[in-house]
Amino acid sequence: VFFTGVEGFFTPASSFGLMAGNRIPATPVTSRKPANIVAPTMVDIKVQVKEGEPIEGAMRRFKIAVSKSGHLMELKRRRRFESNNEKKIRKDKEAKRKRSQMRRQRQM
C-alpha cells in the first residue's frame with residue numbers, strides 16, 4: 001500500500017503509521033518551501049581607485065553606481081508597508097519609466 005504525498009511523491013504507508021485501521025493524517029507532512037519565495041540577491045558594487053585620483057572622485061563614482069543599481073530605492077520602499085494599490089501604482093510608474101528609457105535608446 002502506498003500513500004500519495006505532496007505533488008506526486010510516494011511514501012510507503014507504513015512510514016505514516018497507516019497499517020491495520022490507522023487513520024490517514026489530515027494534512028500531508030512536507031518540508032518543502034513555497035515556490036513563490038525568492039531569496040534576496042546580493043550585488044557587490046566595486047569602484048577601482050585610480051592612481052593619483054582623489055578619494056572624492058571615487059566616492060562620486062561609487063554613489064552613481066549605487067544609485068544605478070537601485071538599492072537605495074528598494075531600501076526607501078521597504079521602510080514602510082506598501083498596500084496593494086500603492087504597489088500597483090509604483091509598478092505602473094516603473095513600467096512607464098522603463099518604456100520611455102527604451103524608446104530613448106531606440107532613437108539614438
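This is a predicted model: local features need pLDDT of at least 70, side-chain atom pairs count only at pLDDT 80 or more; totals for chains, interfaces and linings use all residues.
Helices here are DSSP runs of H or I at least four residues in length, numbered from the N terminus. With a relative accessible area of 32%, Glu86 is partly exposed. Leaving aside residues up to four places away in sequence, Glu86 touches Arg80 and Phe81.

Now let's step back to the whole chain. It has three helices and two strands, and from the N terminus on they run β-β-α-α-α. What share of the 108 residues is buried? Buried residues make up 7% of them. The accessible surface comes to about 10,500 Å², and 57% of that belongs to carbon and sulfur atoms. As for contacts between residues at least 6 apart in sequence, 14% join residues at least 24 apart.

Next come the charged pairs. Side chains of opposite charge can pair when their charged atoms come close. In this model the count comes to seven salt bridges. One of the pairs is Arg61 with Glu53, whose side chains meet at 2.9 Å, N to O. Arg61 is partly exposed at 26% relative accessibility, and Glu53 is partly exposed too, at 21%.

Helix α2, residues 71-77, holds another pair: Arg77 and Glu74 both sit there, three residues apart, or about one turn of the helix. The closest N and O atoms of their salt bridge are 2.7 Å apart. Arg77 is partly exposed at 25%, and Glu74 gets that label at 30%. Arg77 also has a salt bridge with Glu82, at 3.0 Å, N to O. Is Glu82 buried or exposed? Its relative accessible area is 15%, so Glu82 counts as buried, the cut-off being under 20%. Follow the shared partners and you get one network that joins Glu74, Arg77, Arg78, Glu82, Arg90 and Glu94.

Which residues form the positive one? Lys96, Arg99, Arg103, Arg104 and Arg106 do. Arg106 lies in helix α3, which spans residues 84-107, and Arg106 counts as exposed because its relative accessibility is 65%, where exposed means over 50%. There's a nonpolar patch as well, of about 280 Å², made by Val49, Ile55 and Met59. Ile55 belongs to helix α1, residues 55-69, and with a relative accessible area of 52%, Ile55 is exposed.

Terms used
Residues are numbered from 1 along each chain as its sequence is written. Side-chain values use heavy atoms; hydrogens and water are left out. Patches are made of residues with over 30% relative accessible area and no salt bridge: like charges are joined within 9 Å, nonpolar side chains (Val, Leu, Ile, Met, Phe, Trp, Tyr) within 5 Å. Accessible areas come from the Shrake-Rupley method with a 1.4 Å probe; for residues, only the protein chains shown count as cover. A salt bridge is a side-chain nitrogen of Lys or Arg within 4 Å of a carboxyl oxygen of Asp or Glu. Lys and Arg count as positive and Asp and Glu as negative; His and the chain ends are not counted. The place of a charge is taken as NZ of Lys, CZ of Arg, CG of Asp or CD of Glu. Buried means under 20% relative accessible area, exposed over 50%, partly exposed in between (1.4 Å probe, protein chains only). Contact means heavy atoms within 4.5 Å.
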